[in-house]
Amino acid sequence: MDNLETNHRGVWSSKIAFVLAAAGSAIGPGNIWRFPMVVGNNGGAVFVLVYVLAVVLIGFPVMLAEFSLGRYAQRNPVGAFERIKPKSPWKLNGYLGIISAFFILSYVCMIAGWAAGYFIKVVSGVFKGEITSQFAEKVFRDFNSDTTQILLLLLFSVAITVYIVSKGIKGGIERWVKVLMPFLFILLIVLAVYATTLPGAGKGLSFYLKPDFSKLSGKVILFALGQAFFSLSLGMGIMITYGSYVRKSENLISLSGWVCLSDTFIALLAGFIIFPTLFAISGTSPASGPGLAFQVFPLILSRIPGGFIFGAFFFILLFVAAITSTISLLEVPVSFAIDELKWSRKKATYVIGFLAFIFGIPSSLSSGGMRFFTKIDFFGKVDFFFGNASLVINALIICIFLGYVWGLKKAVQEVKSGAPRFKLHPLWVFSLKFLSPVVIIFILYFLF
Ligand code: TRP
């Protein structure tokens with residue numbers, strides 16, 4: 001069945017709606033929670049530098065690749081490969097993406113739950129007065145050992161995601177992002193200004209901005225690239241799916257550019273809040289795992305005038321940012337189930353949402369909730385395999401598919417249908433055909 005003709009997929013109602021939805025998918029806990037965590041674990045400024053290069057040289061080209069593939073094929077990630085190369089194993093890459101989306105969904109819902117839980121903490125006055133870093137750590141630890149509460153919060157986030165996705169892309173996704181994302185921007189800027197002017201912020205700034213090249217390694221590059229894909233929502237078929245809802249007349253280049261720019265800007269801002277605050281107030285080492293952002297934000301929020309209001313607002317916005325990402329993550333397996341398994345949207349969202357909740361449980365119990373999962377670092381492993389390695393492999397396959405199978409001529413043509421003066425396409429071709437595959441193969445070789 002041709003989706004173009006039956007047109008049951010829907011299209012975005014306007015360009016701005018699409019940018020906001022794609023940016024809403026990209027901007028999420030990946031920027032505010034995961035980015036500082038991997039910067040801390042991977043040597044600070046040198047990681048930041050490699051990260052920015054990864055976004056510009058590889059992330060942006062791969063995003064354009066996913067959009068053009070999706071818009072051309074008018075399908076979900078599995079269907080897109082199948083349509084261009086029927087009965088070939090390429091579609092396995094689509095499955096890989098769908099599986100990764102599912103697992104990432106399970107723990108991004110956990111983070112959304114954390115944000116909701118922290119909102120409750122702020123309004124119930126837990127962070128009143130100037131708190132210490134030891135106190136913030138203790139709050140995080142206690143929070144995670146209350147298993148019932150953690151699982152209820154997970155369930156809450158999954159339920160909201162399911163509700164919105166079951167309404168379909170127009171009714172659901174668009175409405176949310178339009179209003180709330182600009183607030184997040186402004187609030188983060190205020191917090192960043194405050195954090196960088198704290199006495200003692202200098203050390204944090206130099207950790208964040210002054211590269212120590214002796215820390216550069218294959219692992220740093222792998223994590224930077226993985227983080228770039230995670231943060232930009234690449235390597236999983238989300239942008240293929242979203243691209244399939246875009247009109248032919250839209251300019252995919254400027255769409256990709258805006259998404260990459262806003263996403264990177266927000267991640268960098270988060271770093272400008274976390275590291276100065278961390279060094280100025282707590283002095284602990286930055287490599288402190290998934291709790292980092294949740295331990296550091298309360299420190300700064302408890303010190304700014306009107307911190308109570310800011311704090312409440314901040315965790316709501318983090319929650320919303322997380323939900324706009326989980327929506328996109330759920331949309332991938334859902335649109336697959338609708339197109340290929342012929343399920344109804346309702347059935348698909350309910351069934352997959354329920355499974356995501358089940359798979360989210362062990363991750364949610366990995367930060368102290370249950371000794372076994374904490375000890376094997378279940379969450380860390382899921383995050384590494386699905387939130388890093390699998391994205392990188394998926395993107396590699398996309399590059400090879402576009403570069404050598406579908407052919408970049410056709411891809412360039414697809415982009416040109418909405419951007420007739422696409423002058424820089426030789427650079428795009430170079431990145432997809434040579435640069436990105438070589439870099440990815442290189443880091444995978446060193447890793448495995
Ligand atoms: N990019 C989102 C974030 O930064 C998370 C996310 C949403 C994601 N969709 C994705 C990650 C697709 C990888 C692939 O929080």
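Me: In this predicted model, which helices each supply at least two residues of the lining of the largest pocket?
Reply: The largest pocket of this predicted model holds about 330 Å³ of space. Of its 14 lining residues, F60, P61, L424, L427 and W428 are the closest to the centre. The elements that each give at least two residues to this lining are α4 (45–73) and α19 (425–447).

Me: How many nonpolar residues does the lining of the largest pocket have?
Reply: The lining of the largest pocket comprises 14 residues. By class, one of them is polar and one is charged. The number of nonpolar residues is 12.

Me: How many charged residues are in the lining of the second largest pocket?
Reply: The lining divides by class into six nonpolar residues, four polar residues and a charged group. The charged residues number four.

Me: What is the volume of the largest cavity?
Reply: The structure holds one cavity of 30 Å³ or more. The largest cavity is lined by 19 residues, and S25, I104, F230, S233 and L329 lie nearest its centre. Its volume is about 140 Å³.

Me: Which elements give two or more residues to the lining of the largest cavity?
Reply: The lining of the largest cavity consists of 11 nonpolar and eight polar residues, with no charged residue. Two or more of these lining residues come from each of α2, α3, α6 (91–123), α11 and α15.

Me: Where does the ligand sit?
Reply: The ligand is surrounded by 16 residues, of which A26, G30, F230, S233 and I238 are the closest. F230 and S233 are also among the residues nearest the centre of the largest cavity. The ligand sits in the largest cavity.

Me: Which elements give two or more residues to the shell around the ligand?
Reply: By class, the shell around the ligand has eight nonpolar and eight polar residues, and no charged ones. The elements that give two or more residues to this shell are α2 (15–26), α3, α11 and α15 (307–340).

Me: Which residue has a side-chain N or O atom 3.0 Å from a nitrogen atom of the ligand?
Reply: A polar backbone atom of S25 lies 3.2 Å from a nitrogen atom of the ligand. A polar backbone atom of P29 lies 3.2 Å from an oxygen atom of the ligand. The residue whose side chain places an N or O atom 3.0 Å from a ligand nitrogen is S233.

Me: What percentage of the area that the ligand exposes when taken alone does the protein bury?
Reply: The ligand sits in the largest cavity. Taken alone, the ligand exposes 350 Å². The share of this area buried by the protein is 100%.

Note on methods
Residues are numbered from 1 along each chain as its sequence is written. This is a predicted model: local features need pLDDT of at least 70, side-chain atom pairs count only at pLDDT 80 or more; totals for chains, interfaces and linings use all residues. Side-chain values use heavy atoms; hydrogens and water are left out. On a 1 Å grid over the protein atoms alone, a cavity is a set of points where a 1.4 Å probe fits but cannot get out, and a pocket is an open set with protein on both sides within 12 Å along at least five of seven lines; lining residues have an atom within 4 Å of a point. Grid points are joined across faces, edges and corners, and a volume is the space filled by probe spheres set on the points. Helices (H or I, at least four residues) and strands (E, at least two) are DSSP runs, numbered from the N terminus. Ala, Val, Leu, Ile, Met, Phe, Trp, Tyr, Cys and Pro count as nonpolar, Asp, Glu, Lys and Arg as charged, and the others, Gly among them, as polar. A residue is near a molecule or strand if one of its heavy atoms lies within 4 Å of it. A polar contact is a pair of N or O atoms within 3.5 Å; within protein, one must be able to donate a hydrogen and the other to accept it, and residues adjacent in sequence count only if both atoms are side-chain atoms. Accessible areas come from the Shrake-Rupley method with a 1.4 Å probe; for residues, only the protein chains shown count as cover. A molecule sits in a cavity or pocket if more than half of its atoms lie within 2 Å of its grid points.
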